[in-house]
Amino acid sequence: MLIGLTGAAGAGKDTAADILESAGWARCAFADALRGEVIYAYRVDPRTLNRRDTKEQPIPALAIARASNASWRHHCTEQGLDAHAPRSARWTLQQWGEWRRGIKPDHWVRPVLAWVQMQRLYAAGVGVQVVTDVRPANEAEALRALGGLIVRVHRLDNTTRLADDTAQHASEQYLQICADADVHNDSTRDALASELLRVLEQLASATTPPEQPA
């Protein structure tokens, strides 16, 4: 089984993936390659991009002028952006991701598809895979083409609030993706694990062809 997780920032997609990974699922993210490119361009500690408590805060280390990629700097200059203004990790990841997709729409899709296929061919015993961060529609479509299913994670008490310059970005419009199932993360980690199990059993039942009579 291959599933992709979608949902709002702070809904619990990574926690859900942690639970599945601890149960033996192979794990990947569309943003793995994105983070790698930004880390290389800005020479920042990976934690700069991953820490939830600072991800929304603009910092000087992510000012556009600090990036080593001249094409990225030129792109931002053409957009009339201040190259020396501090930028948040989320803003940088969003804008870098969109820039790459503008050049090649499947730029972030191809590494994940290669990972899925590699797992299926060579990772003995790994029959379950989770992609943790489905956002644009083409990511969902790519997983579906491989037989994947999309699961949306909801959290009623989600306190994550995005800045005005990131909240309306296309990568945050997750409700536009049609999900095959919904998981509610409204209590404890154990409750989320039980909810995941329920949904996965439901999906497995729906996708398993009925037995043919002898």
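Search the whole structure for aromatic pairs and you get 4 of them. Here, rings of Phe, Tyr and Trp (its six-membered ring) pair if their centres lie within 6.5 Å; planes under 30 degrees apart are stacked, over 60 edge-to-face, and the rest tilted. Take Trp-72 and Trp-99: their ring centres are 5.5 Å apart and the planes sit at 55°, so this pair is tilted. Trp-72 belongs to helix α4 (residues 70–78) and Trp-99 to helix α5 (residues 89–103), so the pair ties together parts that are 27 residues apart in sequence. Both Trp-72 and Trp-99 are buried, with buried meaning under 20% relative accessible area, exposed over 50%, and partly exposed in between (1.4 Å probe, protein chains only).

Trp-99 has another partner, Trp-96, and this pair is edge-to-face, 5.1 Å centre to centre with 85° between the planes. Trp-96 and Trp-99 both sit in helix α5, 3 residues apart, or about one turn of the helix.

A quick word on the model itself. It is predicted, so local features need pLDDT of at least 70 and side-chain atom pairs count only at pLDDT 80 or more, while totals for chains, interfaces and linings use all residues. Residues are numbered from 1 along each chain as its sequence is written, and side-chain values use heavy atoms, leaving out hydrogens and water.

Arg-43 lies over the face of Tyr-40, and Arg-87 over the face of Trp-91, at 4.3 Å from the ring centre. To count, NZ of Lys or CZ of Arg must be within 6 Å of the ring centre and within 35 degrees of the ring normal.

Now step back to the whole fold. The protein has 9 helices and 5 strands, where helices (H or I, at least four residues) and strands (E, at least two) are DSSP runs numbered from the N terminus. Of its 214 residues, 43% count as buried.

Helix α1 (residues 13–22) shows how burial can take sides. Its buried residues are Lys-13, Ala-16, Ala-17, Ile-19 and Leu-20. They cover an arc of only 155° around the axis, which puts them on the same side of α1; the arc is that of the directions from the helix axis to the C-beta atoms. After α1 comes Gly-24, with a positive phi near 105°.

Lastly, the cysteines: the structure holds 0 disulfides, a disulfide being a pair of cysteine sulfur atoms within 2.5 Å. Cys-28 counts as buried at 10% relative accessibility, and Cys-76 does at 1%.
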